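Trainee: I would like a close look at a single part of this protein. Please take me through it step by step.

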Amino acid sequence: MKFLKKFFGYFFRDELSIRHKLVNVILGSALLVQIPGIIVTIVVGTGLSGVIMQFVMALFICSILFMTNRYPDSPVPPIIIATGANLIAFPIMYFACGGYATGIVIWMLFGSIFTWLLVGVRASIIISAINFVLFTGCLHIEKAYPQYVKYLENRNDEIMDTSIAFVFVTVIFGLIFKYQTFAYEKQAKALKENDEKLRKLNDELAEANARLESASAAKSSFLANMSHEIRTPINAVLGMDEMILRECSDSHILEYANDIDSAGHQLLSLVNDILDFSKIESGKMELHPVEYELFSVMNDCYNMIYMRAKRKDLTFIVENDENIPAFLYGDEVRIRQIIMNLLTNAVKYTKDGSVRLSIGYERIDNDSIRLVISVKDTGIGISEENRKYLFDSFKRIDERSNRNIEGTGLGLSITRKFTEMMGGTIEVESELYEGSTFTVTIPQKVADNATIGRFDDRLNRKSENSAEDGSRKKGEKIEKFTAPHARILVVDDVKMNLNVVRLLLKNTLVQMDLAASGEECLKYTRMKHYDLILMDHMMPIMDGIEAFHRIREQADGLNCDTPTVALTANALVGAQEMYLEEGFASYLSKPVKSADLEACLLRHLPEDRIVRDE
Ligand code: ADP
């Protein structure tokens with residue numbers, strides 16, 4: 001029983017197509033028919049040739065059955081069955097087994113019909129046409145040359161042969177149709193079950209998606225909060241440190257304070273990188289194109305990198321094509337970030353030699369160019385094998401030899417993402433121990449076709465001018481002034497931050513009230529008029545935005561029109577736009593520098609409150 005199940009299971013296994021299973025049914029049935037056929041042939045005594053014929057037929061069927069199941073995908077076995085039976089076996093049987101008065105006519109009809117079940121339409125048409133010609137040919141030959149036909153003994157045998165053929169063909173077709181119906185029903189049931197499974201899977205996927213979305217929202221808000229939470233203490237650290245740098249004259253302490261300043265800024269750029277990365281990952285990073293002056297971007301990068309390069313005794317060269325349009329339209333902040341990332345790496349990974357920033361361009365059309373930024377160093381280089389990991393997030397190369405160089409492995413990944421978001425490309429050429437060249441190409445719109453000129457010339461002119469008017473060197477304020485008659489209100493729930501602002505603005509002699517909450521701020525604004533309010537955003541119970549609106553709505557309002565500046569650790573992209581939309585006069589992000597605070601006073605205090613130094 002078990003053997004039979006296995007035997008039949010093999011011929012009807014699931015991976016076989018319906019047509020294939022049908023071939024098995026047909027061949028199996030034909031083989032079954034052969035056995036009684038052989039017995040009948042022996043009993044009615046059509047002679048040895050008849051018996052041999054039946055044996056050959058049985059052998060032929062067995063070999064096709066083997067081929068079909070050995071090579072299930074091949075179309076050859078069905079075609080062999082159809083042609084072999086119709087075009088060879090049946091015509092021979094016609095003459096060998098008694099002619100048209102016997103069951104052979106039924107078999108030939110059977111052969112024609114089952115051809116359509118077995119093979120494709122084209123092959124079926126061809127085989128059936130030949131079959132028709134052969135069948136009528138047999139009839140005509142029999143009529144003209146009856147001596148070629150080996151007739152059965154008598155009329156009774158012919159009736160018996162025809163009846164047997166009728167019964168078997170009926171049984172075979174019955175089996176075929178039954179099996180086909182059964183197979184379709186089975187397939188339909190399986191499809192329905194699959195459908196059900198798919199629907200269930202879909203539901204589960206939708207649920208998982210919703211969970212993922214809420215997890216991603218939680219992650220974004222966690223990162224935003226974390227960035228805020230980290231920026232708040234850094235604000236205090238860097239603010240107080242700035243006071244030390246400003247007021248202390250002990251060279252040792254100044255050195256320590258400088259280290260605190262550099263570590264604090266490093267921490268800050270790390271927080272910014274993580275924030276940028278998470279925004280890019282969640283698809284929330286947006287570009288903010290503006291009109292900008294390319295020279296100013298180059299100048300900022302030059303100022304930020306120059307000292308770092310000098311500290312390592314590296315030559316820092318900035319060169320450019322003097323015909324680049326001076327004013328472009330694009331995301332200035334991100335372009336600066338890309339150049340800064342490449343320059344910071346070049347300085348970080350170069351022990352001696354030089355770092356070269358070259359800016360060139362290619363014209364696209366009258367309104368747009370491709371900006372070509374290239375940063376070349378003579379540093380440690382990157383092996384060919386490591387170059388493929390270069391832009392992977394959090395991946396640092398040669399961690400062991402680079403362990404003394406700080407980094408997160410995020411800079412290049414962010415750089416590439418920004419470049420791609422702007423429709424640009426980034427390429428790297430490098431030779432181990434010789435140096436690397438990173439080249440970024442970004443399409444930019446041209447805002448004004450005036451040309452930029454040579455960076456070096458402009459830099460020299462600028463420093464001569466600034467030397468002449470004696471203004472701004474590193475650490476010095478833009479313009480010296482005091483404002484002893486101005487009154488400002490600073491609102492922040494962290495006492496240390498209030499202290500930082502108080503100390504950073506100490507030299508301006510401005511009168512200052514400090515409020516540690518939204519409520520306290522409302523109390524002050526009811527009592528006094530202020531020339532300026534510096535407002536923190538995230539505070540418990542009443543946040544800065546609510547406090548700001550409530551000041552504007554105060555019935556007894558002394559400060560309904562007082563310019564209010566958001567002074568906050570919320571450094572997310574779009575924060576500035578959000579505060580301006582709410583009605584704030586401007587926005588300063590923490591950690592705040594004294595120069596920015598003083599510039600803010602100069603901008604927003606009434607002119608008559610400012611006493612400029614002679
Ligand atoms: P990291 O914060 O580690 O510098 P990056 O994403 O900026 O992260 O760079 C990834 C890795 O690529 C670095 O760890 C460093 O091994 C390699 N790399 C980047 N720039 C250079 C360069 N100019 N020269 C040699 N190696 C570099």
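This is a predicted model: local features need pLDDT of at least 70, side-chain atom pairs count only at pLDDT 80 or more; totals for chains, interfaces and linings use all residues.

In which strand is the place of T568?

Mentor: T568 lies in strand β12, which covers residues 564–568. Its relative accessibility is 0%, and a residue under 20% is called buried, so T568 counts as buried.

Next come the contacts. Setting aside the neighbours within four places in sequence, T568 is in contact with D536, H537, Y579, Y587, L588, S589 and K590. Strand β13 spans residues 586–589, and Y587, L588 and S589 are among the contacts of T568. K590 is another of these contacts, and K590 is joined to P591 by a cis peptide bond with omega of about 0°. P591 itself sits in the loop between β13 and α18, the latter being residues 594–604. For a distance to another part of the chain, take A450: it is 118 residues from T568 in sequence, and the two C-alpha atoms are 38 Å apart in space.

I541 is in the loop between β11 (532–535) and α16 (544–553). At 78% relative accessibility, I541 counts as exposed, and its phi is positive, near 65°, although I541 is a residue other than glycine. D313 is in the loop between α9 (294–311) and β2 (315–320). D313 is also not a glycine and has a positive phi of about 60°. With a relative accessible area of 69%, D313 is exposed.

Now for the whole protein. There are 18 helices and 14 strands. The radius of gyration is 45 Å, whereas the globule rule gives 25 Å for 614 residues, so the protein is more spread out than a compact globule. Along the principal axes, the C-alpha atoms fill a box of roughly 140 × 60 × 50 Å. T568 is buried, and 42% of the 614 residues count as buried too. Among contacts with a separation of 6 or more, 72% are between residues 24 or more positions apart.

The axes of α3 (residues 48–70) and α4 (residues 76–96) come within 10 Å and cross at roughly 170°. The two helices are therefore roughly antiparallel to each other. Their contact includes M53, M57 and F60 of α3 and I80, I81 and G84 of α4. By class, this contact has eleven nonpolar, two polar and no charged residues.

Technical notes: Residues are numbered from 1 along each chain as its sequence is written. Side-chain values use heavy atoms; hydrogens and water are left out. Axes are lines fitted to C-alpha atoms, for helices over the stretch in contact, and angles run from 0 to 180 degrees between N-to-C directions. Helices (H or I, at least four residues) and strands (E, at least two) are DSSP runs, numbered from the N terminus. Angles under 35 degrees count as roughly parallel, over 145 as roughly antiparallel, 65 to 115 as roughly perpendicular and the rest as oblique. Contact means heavy atoms within 4.5 Å. Ala, Val, Leu, Ile, Met, Phe, Trp, Tyr, Cys and Pro count as nonpolar, Asp, Glu, Lys and Arg as charged, and the others, Gly among them, as polar. The radius of gyration is taken over C-alpha atoms; the globule rule is 2.2 Å times the number of residues to the power 0.38. Buried means under 20% relative accessible area, exposed over 50%, partly exposed in between (1.4 Å probe, protein chains only).
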